[in-house]
Amino acid sequence: MRPEKLLFPTPEGLYCPAGAFHVDPVRPVDRALITHGHSDHARSGHRAVLATRQTLDIMKLRYGEDFCESEQAVDLGSELDVGGVAVSFHPAGHVLGSAQIAIEKEGMRIVVSGDYKRSADPTCTPYEPVACDVFITEATFGLPVFHHPDPRAEIGKLITSLKQFPERSHLVGAYALGKAQRVIALLRQAGYGEPIYIHGALAKLCDYYRSQGIDLGELRPATVERGNQDEFRGAVIVGPPSAFADRWARRFSDPVASFASGWMMVRQRAKQRGVELPLVISDHCDWPELTQTIREIAPEQVWVTHGREEALVRWCELQGIAARPLHLVGYEDEGD
Amino acid sequence: MKAFATLLDRLVLTPSRNGKLKLLTDYFRDTPDPDRGYGLAAIAGTLEVRSVKPAMLRELVLERMDEVLFRYSYDYVGDLAETISLVWDRESDAEHPLQPRLGAVIREMNGLGRTEVRAYVRGLLDRLDTSSRFAFLKLVTGGLRIGVSARLAKQALADLGGKDVTEIETLWHGLAPPYEPLFAWLEGRTDRPVLATPAIFHSVMLSTPVGNGDLDGLDPADFAAEWKWDGIRVQLTGFGRERRLYSRSGDDISGTFPDIIDAMNFEGVLDGELLVGGTARSNNPTRTFGDLQQRLNRKTVSSRMLDDYPAFIRAYDLLFSGDRDVRGETYVERRDRLTAIIDSSPHERFDLSPLVPFSNWTDLDALRKAPPDPVIEGVMIKRLDSTYQAGRAKGPWFKWKRDPYNIDAVLMYAQRGHGKRSSYYSDFTFGVWTELDGKDQLVPVGKAYFGFTDAELEQLDRFVRNNTTDRFGPVRAIRATHDFGFVVEVAFEGINRSTRHKSGVAMRFPRIARLREDKPPYEADRLETLMAMIDGDAAEA
C-alpha cells in the first residue's frame with residue numbers, strides 16, 4: 001500500500017480513510033486519535049476520541065466532562081484494530097500522557113510522532129523509537145541553531161539567581177500543561193525545598209500530575225492576602241507566560257522575569273519578550289535530537305508537519321532520505 | 001571566559017540599574033586577575049583585541065556546515081556572532097576540560113601572526129561552550145552592545161571597594177587593562193595607584209539640572225553664574241610637546257582641530273566649551289551649534305574649513321596648572337589661575353567664559369529665560385568654594401536651562417515597558433494634526449516614556465487597554481479620532497528637521513509633561529506649529 005493512500009493531510013488534519021479517523025484534527029470530526037493534551041492537538045467537539053487514559057483525563061480537565069460523545073482509552077504498546085487498520089500508541093516523552101501513534105495496513109507502517117523529545121523529563125514516560133516506513137515528525141526547533149542545553153544546568157541558573165537576588169520574586173513563565181510541572185519537578189530534583197507559588201490556571205493540572213504520582217512538593221496559590229505582599233520576596237512563582245504581561249504580575253515586588261522555553265535559545269527572542277532570566281527548557285526535540293532520531297529510525301520517508309520544515313527537509317535530502325513538508329495548519333507551539 | 005560570558009548573558013537582559021550593578025560587582029569580586037580586568041575593559045570600551053573579519057568567520061562555519069542550512073539559521077537569528085555561536089558543530093559534545101580564560105584568549109589573540117588567526121579561532125570555537133563562543137565572537141567582531149555604560153562599570157568598581165565613584169573617575173584615564181593595580185587598591189591590598197603623567201584625559205565635572213526647590217535655602221552669594229553655551233565640552237591638555245584635545249567622553253579629537261592645538265601656548269589641563277565664530281575679544285559673534293557641526297567628526301580639515309568655521313575655546317575651568325594638580329583648590333582660586341592663562345593666550349582662539357552678575361535667584365531666573373545671545377542655552381551655577389570633582393555630584397554645579405518647548409499632542413501608539421514596567425503600556429508614540437490628502441490626520445512626531453508619575457501611568461495604561469484598535473506584537477494602536485483620544489502635553493529641549501521621520505521633524509529629549517484629559521483631540525497642536533518652532537530657531541540664530 002502506498003503511504004499517501006493510508007494517511008494524507010486534509011483541512012481537518014491527517015486523515016486515514018481505511019480506518020475513517022483523523023489524527024489530532026483541528027476541527028470537529030467523527031473519529032479522532034489524539035497524541036497529547038496540548039490544546040492545538042487536542043480540541044473539543046469530536047464525536048469519538050481514542051487516546052491514552054492520561055490524555056483523555058487532561059482533555060476532561062480542560063474542556064469539561066462533555067468534551068466528546070464517546071471516549072476510549074488505549075494502553076501504551078497495545079495494538080487495536082480500527083476499521084481494519086492496526087493502531088498502536090507509544091510513548092513520546094513530550095508531556096504526561098503523550099504518545100506517538102503507529103498506523104499499519106498491508107505492510108505499510110506510518111508513525112505519527114506528534115510532539116516528542118528525547119531529553120530526560122521526570123514528569124513523563126520517555127520516548128521510544130518505533131520502526132516504520134514513514135516517520136511523521138514535527139520540526140518546531142528544526143534549525144541547526146537549536147541545541148538545547150541540559151535542563152538541570154538551566155534550573156541551576158534559576159537557583160543561582162535566587163541566591164543573587166534574594167529580595168526579588170522570581171516569576172517563571174511556563175505553559176500550563178507539561179512545562180510548568182516539569183520546571184517544578186526539576187527544581188525539586190535540584191534540592192529546592194521552599195514552597196512554590198502557582199497561578200490559578202495551573203492548579204487543576206498540577207493536582208492531576210500529583211494524582212499520577214509525580215512529586216511537585218509544596219505548592220501554594222499565588223494570591224495576595226491583604227498586606228502580605230512580602231510573602232513573595234525571594235519566592236518562585238510559576239504561571240502561564242501570558243499572565244506576566246497582565247495586571248496579575250503587578251502584585252509581586254521587583255520581579256525577575258523568567259521564561260522556560262526552547263525559544264529562549266535566541267537572545268533577541270528573550271529580549272523582545274522582556275525576559276530577564278531565560279531558561280532554555282524545551283518539551284520538543286532540538287536539532288541534534290531530531291536528526292539523531294531520524295538516523296536511528298531510518299525510515300524510507302520523512303514527512304514534516306509543522307515548525308521549520310524547510311531546514312529539516314533540506315537535511316534529509318543531504319542524507320539521501322526522501323522528505324517532504326505536509327504544510328499542516330493550526331498547530332502552534334503551545335507546548336513551548 | 002565562562003564567567004564573562006555568563007555576565008554578558010545576564011547584563012543584556014537585565015533592565016534595572018541596580019540589577020546590573022549587582023551582577024557587575026559580583027563578577028569583579030569573584031573573578032581573578034587578569035580576567036576581570038579584561039572583562040572590565042571590554043565593558044568600558046578600553047579593550048584592544050585583534051579583530052576578526054565576519055567573512056572569515058563565515059568561511060570557518062561553512063567548512064563544517066551546509067550553506068543552505070546556515071542561511072536558514074542566519075535568517076532566523078539575525079545576528080552573525082549569535083548564529084555562529086549556536087550552529088557551531090563541535091567535534092565532540094563533551095565539555096572541553098580546559099576552558100580558556102579570558103585574559104589568556106586576549107593575550108594569545110594579540111600575539112598571533114596574520115596567518116595564524118584562522119586556525120586559532122577555529123580551535124578556540126571548538127573548545128568554548130555556546131555562550132562563551134558568543135562572548136568571544138562579539139569581542140573580536142567589535143560591539144558588545146550590552147546596555148552598560150563605562151560609568152556604570154565604574155560605579156560597580158566603587159561599590160566593590162567602598163570608594164566614591166569620583167575617585168575611580170579621577171584615576172581612570174591614567175590606567176590601562178587589565179587594571180591590576182586598581183583592583184589591588186579596591187581590595188585594600190595596596191595604596192591608591194599614582195598617575196605617571198598628567199598628560200591624559202581627566203574625567204570631567206558634571207552638573208545637575210535645577211529641579212523644583214533645589215535653590216531654596218541656598219544663598220546666592222555663595223555662587224557664581226556663567227552662561228551655558230551651546231557647543232561641545234572639551235578638555236585641552238599640554239605638557240612639553242604633547243598637546244591633546246579631548247571630547248567630554250575622552251575621545252582624542254586633536255586631529256580635527258589643528259587651529260586650537262597650534263594656538264596653545266601654555267602647559268596644563270583646561271576645561272571649556274568648543275565653539276566656532278569669534279571670541280569675545282575679537283568682537284565677532286559666536287556661531288550656532290549647526291556651524292560647529294561642520295567641523296566635527298572630520299578626519300582631515302581643509303584650510304577653507306579652517307577659514308570658514310574658525311574654532312575657539314571658551315574656557316571655564318583649570319584642572320592642572322603646568323603639572324600641578326589644582327583640582328583640590330576652590331572655584332575662585334582656579335578661576336584666578338585660568339584668567340591669567342587666558343590673558344596671555346592667543347585672542348582669536350581663547351576667551352574666558354564671562355561671569356553673569358546676579359543678586360538673587362529671581363534675577364537669574366529672568367536672565368536664563370531671556371539670554372542676550374542665541375547660542376546661550378541657559379546658565380550654569382557654580383559654588384564658589386567647590387573643588388573640581390569628576391562625575392555628577394549634586395550641589396556644587398547646577399545647570400539651569402531655558403524653558404523647554406511645549407506642545408499638545410495625541411497618543412497614537414503604546415508599547416509595553418521593560419523590567420518593572422513590563423506589565424504597563426509605558427512607551428508612547430504621539431502625533432499632531434496635519435492635512436494629508438485633503439483631510440486632517442494625525443502624524444506621529446515623537447516617542448516618550450517618562451515624565452509621568454506612577455499614578456498617571458496607571459491612568460494611561462488603563463486608557464490604552466480600554467481603547468486598543470490594533471496590535472502589532474508588543475505595540476498597540478490607540479483610538480485617536482477628531483473627537484475621541486488622549487491628549488498629553490509634551491515638553492522637549494529642541495526640535496530639528498529630519499528626513500528620517502515621516503513627519504519631517506525630530507525632537508530632542510521629549511517627555512510627557514502633563515496629561516490633558518480636559519482637552520479634546522481636535523484642539524491638539526498642528527504640524528505647522530512645530531515647523532514654525534524650527535524656523536523660529538533659525539531666525540533667532
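Predicted model: local features only at pLDDT ≥ 70, side-chain atom pairs only at ≥ 80, totals over all residues.
Modeller: In chain A, strand 1 and strand 2 (residues 13–16) run antiparallel and are paired over 3 bridges.

Biologist: Which residue stands opposite T10(A)?

Modeller: G13(A), in strand 2 of chain A.

Biologist: What sheet is formed, and in what order?

Modeller: An open sheet of 6 strands in chain A, ordered 1-2-3-4-5-6, with mixed pairing.

Biologist: Which strands stand at the edges?

Modeller: Strand 1 (8–10) and strand 6 (68–73) of chain A. Each has a single partner strand, so one side of each has no neighbour in the sheet.

Biologist: By how many degrees are neighbouring strands turned against each other?

Modeller: On average 35 degrees, with direction ignored.

Biologist: Switching to the interface. How many residues of chain B are in contact with chain A?

Modeller: 25 residues of chain B, and they touch 27 residues of chain A.

Biologist: Which elements give two or more residues to that side of chain B?

Modeller: Four helices of chain B are listed: helix 1 (2–13), helix 2 (17–30), helix 5 (67–77) and helix 6 (80–87). Helix 5 of chain B gives the largest share, 6 residues.

Biologist: And how does that side divide by class?

Modeller: On the side of chain B that touches chain A there are 11 nonpolar, 8 polar and 6 charged residues.

Biologist: Back to helix 1 and helix 2 of chain B. At what angle do they pack?

Modeller: About 175 degrees, and their axes are 10 Å apart. An angle over 145 degrees counts as roughly antiparallel, so that is how helix 1 and helix 2 of chain B are described.

Biologist: Which residues make the contact?

Modeller: Helix 1 of chain B contributes A3(B), L7(B), R10(B) and L11(B), while helix 2 of chain B contributes K20(B), L23(B) and Y27(B). By class, this contact has 5 nonpolar and 2 charged residues, and no polar ones.

Biologist: New topic. How many residues has the largest nonpolar core?

Modeller: 153 residues. Those with the most contacts inside this core are L33(A), I110(A), V183(A), I237(A) and V238(A).

Biologist: What is L33(A) in contact with, leaving aside its neighbours within four places in sequence?

Modeller: With F21(A), V23(A), L50(A), A51(A), V87(A) and I101(A).

Biologist: How many residues has the other core?

Modeller: 45 residues, including V234(B), M264(B), F320(B) and I376(B). That core lies apart from the largest one.

Notes. Residues numbered from 1 in each chain as written. Chains lettered and ligands numbered in written order. Pairing = 2+ DSSP bridges. Axes fitted to C-alpha atoms, helices over the stretch in contact; angles between N-to-C directions. Contact = placed C-beta atoms within 7 Å. Nonpolar A, V, L, I, M, F, W, Y, C, P; charged D, E, K, R; others polar. Parallel < 35°, antiparallel > 145°, perpendicular 65-115°, else oblique. Core = buried A, V, L, I, M, F, W, Y, C linked by C-beta atoms within 7 Å. Buried ≥ 20, exposed ≤ 12 C-beta atoms within 10 Å, placed from the backbone.
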